Amino acid sequence: MRSLTVLWLHAPAADDAHVMPIVEHGLSDSFRDFCAEAFNVRMPLEYPPLKLTTVSSPDALPQALFADGDPANGMTEGGDDACLFMVDDSLYGCSVCGVPLKEWLKVYIPALPRVVVTYPGNAPVAVPQRRWAKKPFEVFSSPGQHHERLVHLFKAFWLPRFWSAMRQYVQVKAGTNWHTPGHNGGNAFAASPFLRGLHEAFGSMIFRSDLSVSVESLGDLSSPEAQTPLSEAQRMSSEIFGSALSRYVTNGTSTSNKAMLMTLLKPGEVVLVDRNCHKSVHHAIVTAGAVPRYLPSRWNPRLCVWSPVSLAEIESELAESAPSKPRLLVLTSCTYEGVLYPVWEVARLCERAGVLFYADEAWAAYLGFHPFYTRACPETGRAVRYNAVSETLGAHFSVQSTHKTMAAFSQASMIHVSLRFKALLEEDASPQFRWLRRRFAMNGHGSFEKFTHDLHEFLRYWHSTSPHYPFLASLDVAGVQMRLEGMKLVDERLKWAAEFRARVAAECGLEEGECFAGLEDIAADGADWARDGYMKDPLKIVLMLKTPAACAAFKKALLKSHIQWEKATATTILFLVTVGTVEEHFEDLFRVCRINRDLIGAPGRDGGGMADSITRAVSGQPVVLPRHAALCDGEFVTLDASVGRIASQFLVPYPPGIPVFVPGLRITEAMVALVNGVIESEGVAAVHGLFCRGGHAPFYVEVLNRDEESRLLSGELKP
Ligand SMILES: Cc1ncc(COP(=O)(O)O)c(C=O)c1O
């Protein structure tokens, strides 16, 4: 069984040999009781669930946490098991390798709860409000007497508020239900001679915890201001993710994007967006009535993936003020293939331009829980983090599909609003953000409360009024899990993934970079990506196959071994490593790689024709506001006859998997040729949005009718 580590930055004392075992046992006992209460786990008494590791000097902290003192090498055993950090008040103001301790902890172990241990007679410590709890030495040196206080402290750090309240309700308080949902705690199935197997297969708890907003004591997504277990859970998540505000969403990041963009953008305002962003961002732009200005899109024909946008391109687009100055920049970090943007650099550019930075982190909710996702800034010497929202410089907003890579049920998503955004609204006086302070103003001043009110209002537009309560509980617990054991979970997976890649490369007699796509393979030409701070997340394993035929054969072999990948292109297969991936999964995958090693290898260079045609097809900018084009009267025309007309719908061919037709774009020959090409090679079903009967030509697409076209063109991009 596994123990967790309490790290104590502690000035050595004469009676340590006597005191430390007492502290370790006391903490363990309290932690055991906490786990029994919070998670229903009875841990055997003979093993200590909490190990105490003391570190006597601040400069020894990196060695205690990271292999060879370097976060890039992964964690030490004690480091990756760390779940709580204590520091003596005499050491509280110290520096670690020249960086103030407070700053150092924010960068490297931001999610660990921290306690300042104050000694009798010492001057009081000025403890910041967030995340620090001040506890006197006696509590730890004689924990037997303070057992209840310690359990209470642990509850403050790790108790999943909503899950605990829901479990209590279901197991103790619930009686007969006269409310939705109609299966009524599963009775509908349990009483059926035909269907009760379903009840048994799912387990009774999933039905009994499927409650309704009628159970007022648990809370309601529609009233996040009320003091309920649901709002407390969201406050706890905000603390864990280092945000000023976090909100739970139960219809995926697709919904988070819609609510956020409607909150942030007014009709007619310009949003800078990577054309390769998720379709929900395109939908959100339509619903917000915003004007998209697409950042340059670069198709990588060798791997059939999209390159990220370079810093130079972002900088020049931020400076562009036609048709008007942008308000928001939306980037996907990391991309599906795992390219992480240097969010601190992007944030710096955005703040200089007075533009808000919004990161779609659907694929990367775990970045904040491991020091691997940091980078020492060469100019300042300070380290920064790759997770978009943190207490270091980053994006103003992030949305995460907690369900994609962390342990939440499908559809569970979170919105995080940064502390920096709150400060921009309430403390900053910079002229470039005057517009923002006016937008969310109360009594003439920028107000975070006003922003929060607006966000809640737009969340109510999109939330179901009947959210699935187990989704909410899984959001609560997924965050707490990362705080409690996230470092371990991410560290293990980083190590397994590295070992796996090395073994496959050795088996193939190739370099790792010839088997798995790295940053330069995906991002391709256009910038010095690594120097600019871009990084490839190793937990997105992109296996390269020599040819499309090799890729098809490899997929067949995977299916034969009952292995399902995340997504594939003509020459790559993406395997997603999540907190639920276990070591044996790598073994299963390795077996298929070994047998099929001849198929693995970097694909050759594409002739360039496809790249050119795709780039041309996605290079347009809208001439009519997308919302008007999507909602006004349109007419069906055949695909070939649509050239020159204005699209009123999305058409998304796979590949390239991004919208080629967008409401408001003038349709070009290149766009139609690309769609026709995909129909020919992949079949009509590969073009989402195309209308046809029985899968045969003619194919139809909706465009503005002539009257609407001339009416809207005269108003151009006005709301
Ligand atoms: C970048 C990105 N954003 C948002 C989403 C939507 O997330 P969800 O499936 O949680 O609605 C996805 C889904 O694949 C995505 O890839």
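Author: One definition is needed before we start. Helices (H or I, at least four residues) and strands (E, at least two) are DSSP runs, numbered from the N terminus. The model is a predicted one.

Reader: Is Ala524 buried or exposed?

Author: A residue counts as buried if 20 or more other C-beta atoms lie within 10 Å of its own. Ala524 has 20 C-beta neighbours inside 10 Å, so Ala524 counts as buried.

Reader: What is the phi of Ala524?

Author: Most residues other than glycine have a negative phi. Ala524 is not a glycine, yet its phi is positive, at about 55°.

Reader: Is Cys97 buried or exposed?

Author: Cys97 also has a positive phi, of about 50°, without being a glycine. Its place is the loop between strand E4 (95–96) and strand E5 (99–100). Cys97 has 11, so Cys97 is exposed.

Reader: What is the omega of the peptide bond that joins Thr180 and Pro181?

Author: Most peptide bonds are trans. Pro181 lies in the loop between helix H7 (161–173) and helix H8 (187–190). The bond joining Thr180 and Pro181 is cis, with an omega of about -5°.

Reader: Which loop holds Cys334?

Author: Cys334 is also part of a cis peptide bond, which runs from Ser333 to Cys334 with omega near 0°. Strand E13 (326–332) and strand E14 (339–340) are the elements on either side. Cys334 is in the loop between E13 and E14.

Reader: Which residues is Leu543 in contact with, leaving aside its neighbours within four places in sequence?

Author: Leaving aside neighbours within four places in sequence, its contacts are Cys515, Phe516, Thr572, Ile573, Phe575 and Ile600.

Reader: How are H11 and H20 placed to each other?

Author: The axes of helix H11 (residues 229–241) and H20 come within 10 Å and cross at roughly 30°. The crossing is left-handed. Angles under 35 degrees count as roughly parallel. H11 and H20 are therefore roughly parallel.

Reader: How many nonpolar residues are in the contact of H11 with H20?

Author: Among the residues that meet are Leu230 and Phe241 in H11, and Leu472 and Met482 in H20. By class, the contact of H11 with H20 has two charged residues, two polar and six nonpolar.

Reader: Is the crossing of H12 and H13 left-handed or right-handed?

Author: The axes of helix H12 (residues 252–264) and helix H13 (residues 279–288) come within 8 Å and cross at roughly 30°. Residues making the contact include Leu261 of H12 and Ile285 of H13. The crossing of H12 and H13 is right-handed.

Terms used: Residues numbered from 1 in each chain as written. Predicted model: local features only at pLDDT ≥ 70, side-chain atom pairs only at ≥ 80, totals over all residues. Contact = placed C-beta atoms within 7 Å. Axes fitted to C-alpha atoms, helices over the stretch in contact; angles between N-to-C directions. Parallel < 35°, antiparallel > 145°, perpendicular 65-115°, else oblique. Left-handed = near helix turned anticlockwise from the far one by under 90°. Nonpolar A, V, L, I, M, F, W, Y, C, P; charged D, E, K, R; others polar. Buried ≥ 20, exposed ≤ 12 C-beta atoms within 10 Å, placed from the backbone.
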